[in-house]
Amino acid sequence: MKIGVICEGHTDRAVIRNILKGLKGIDSSQIVPLRPDYSVDETDLSQMTVDNFSNWSLVKAECENQVKIDRFLSVEGHDFVIVHIDADCSDEYGVPKPIKNADYSGKMRIAIITKINEWLDGNFQNQILYAVAVEEIEAWILTIYDNRDSTKSADPKTKLKRKLSRKGIKYEHTHAGFFEVSKKFSKKRNFQREKFRDNNKSLDDFCREIEDKL
């Protein structure tokens, strides 16, 4: 089985890669980056093709275009495509944020999935895994370093940097850097004994979807 990944950046794919390894034993040889498709994060953007980098608007464009998704899924053994997007900029892609209450994360995920399916024109729904990070994928990583609900953090990027700095851990915004700081996700026993999923509902929802579909 191979899984394609469309995400906002290489750093996001690194986190997803560790989650897939921890939950289902899926290794890097089974993960195919569709967007961005460049394996090294720190490259001069002026020398990169449009396929080498990404953001939410390019994730949207990839879903609307569907060429890479269709080509990937048409190959035998290429079973699923993960579409990742952060919720922090949802207003920019037409998903207004609901009132922040106990159901906020769940409502945010459902609304964004509905929007992604609009971009996909209703296609491929049984073969898509939705990695919707509320509000940012750094909030998922925070569950490793802080035993509190990370969806309530107003600025997970800053908080993660602060937590890592206090532990003397270097924090680099690269694929390798995010792979290292999220590496605990790659061990099944950590998911069984740690409270990662309890402390971020959008992470738990993504994990549940992986468990149900893969």
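Is Thr-11 buried or exposed? I looked this up before anything else, bearing in mind that the model is predicted. Thr-11 has 6% relative accessibility and therefore counts as buried; the cut-off for buried is under 20%. I found Thr-11 in helix H1. I then checked a distance from Thr-11 to another part of the chain. Gly-177 is 166 residues away from Thr-11 in sequence, yet the two C-alpha atoms are 7.7 Å apart in space.

**Entry: the sheet**

I went through the strands next. I noted four of them in an open sheet, in the order S2-S1-S3-S4, with parallel pairing. Strand S2 (31-35) and strand S4 (128-133) are the edges, each pairing on one side only.

I then took the pairs one by one. Strand S1 (residues 2-6) runs parallel to S2 and is joined to it by four bridges. Within that pair, I see Gly-4 standing opposite Val-32 of S2. Five bridges join S1 to S3, again in parallel. Here I noted Lys-2, whose bridge partner in S3 is His-78. S3 and S4 also run parallel, and I count six bridges between them. Val-83 stands opposite Tyr-130 in S4.

How many of the nine residues of S3 are buried? I find eight, so S3 is largely enclosed by the rest of the structure.

**Entry: helices on the sheet**

I asked which strands helix H1 lies across. H1 (residues 10-24) lies across S1, S2, strand S3 (78-86) and S4, and its direction is at about 130° to that of S3. Helix H5 (residues 137-145) also packs on the sheet, where I find it touching S3 and S4. The direction of H5 makes about 80° with that of S4.

**Entry: H2**

I listed the buried residues of helix H2 (residues 56-65): Trp-56, Leu-58, Val-59, Glu-62 and Cys-63. They cover an arc of only 165° around the axis, so they sit on the same side of H2.

What do the buried residues of H2 pack against? I find S1, S2, helix H3 (67-73), S3 and H4. After H2 comes Gln-66, which I noted for its positive phi, near 70°.

**Entry: H6 and its cover**

Just after H6, I noted Gly-168, which takes a positive phi of about 75°.

**Entry: H5 against H6**

I looked up the packing of this pair. The axes of H5 and H6 are 9 Å apart, and the helices pack at an angle of about 30°. Angles under 35 degrees count as roughly parallel, and that makes H5 roughly parallel to H6. I recorded the crossing of H5 past H6 as left-handed. From H5 the contact takes in Glu-138, Ala-139, Ile-141, Leu-142 and Tyr-145. From H6 it takes in Pro-156, Lys-157, Lys-159, Leu-160, Lys-163 and Leu-164.

**Entry: H4 against H9**

Helix H4 (residues 104-119) and helix H9 (residues 201-213) have axes that come within 9 Å and cross at roughly 50°. H4 is therefore oblique to H9. I recorded the crossing of H4 past H9 as right-handed. Which residues make the contact? I find Ser-105, Gly-106 and Arg-109 on H4, and Lys-201, Ser-202, Asp-205, Phe-206 and Glu-209 on H9.

Methods: Residues numbered from 1 in each chain as written. Predicted model: local features only at pLDDT ≥ 70, side-chain atom pairs only at ≥ 80, totals over all residues. Heavy atoms only, no water. Pairing = 2+ DSSP bridges. Helix = DSSP H or I, 4+ residues; strand = E, 2+ residues; numbered from the N terminus. Contact = heavy atoms within 4.5 Å. Axes fitted to C-alpha atoms, helices over the stretch in contact; angles between N-to-C directions. Parallel < 35°, antiparallel > 145°, perpendicular 65-115°, else oblique. Left-handed = near helix turned anticlockwise from the far one by under 90°. Buried < 20%, exposed > 50% of the residue type's maximum accessible area, 1.4 Å probe, protein only. Arc of directions from axis to C-beta.
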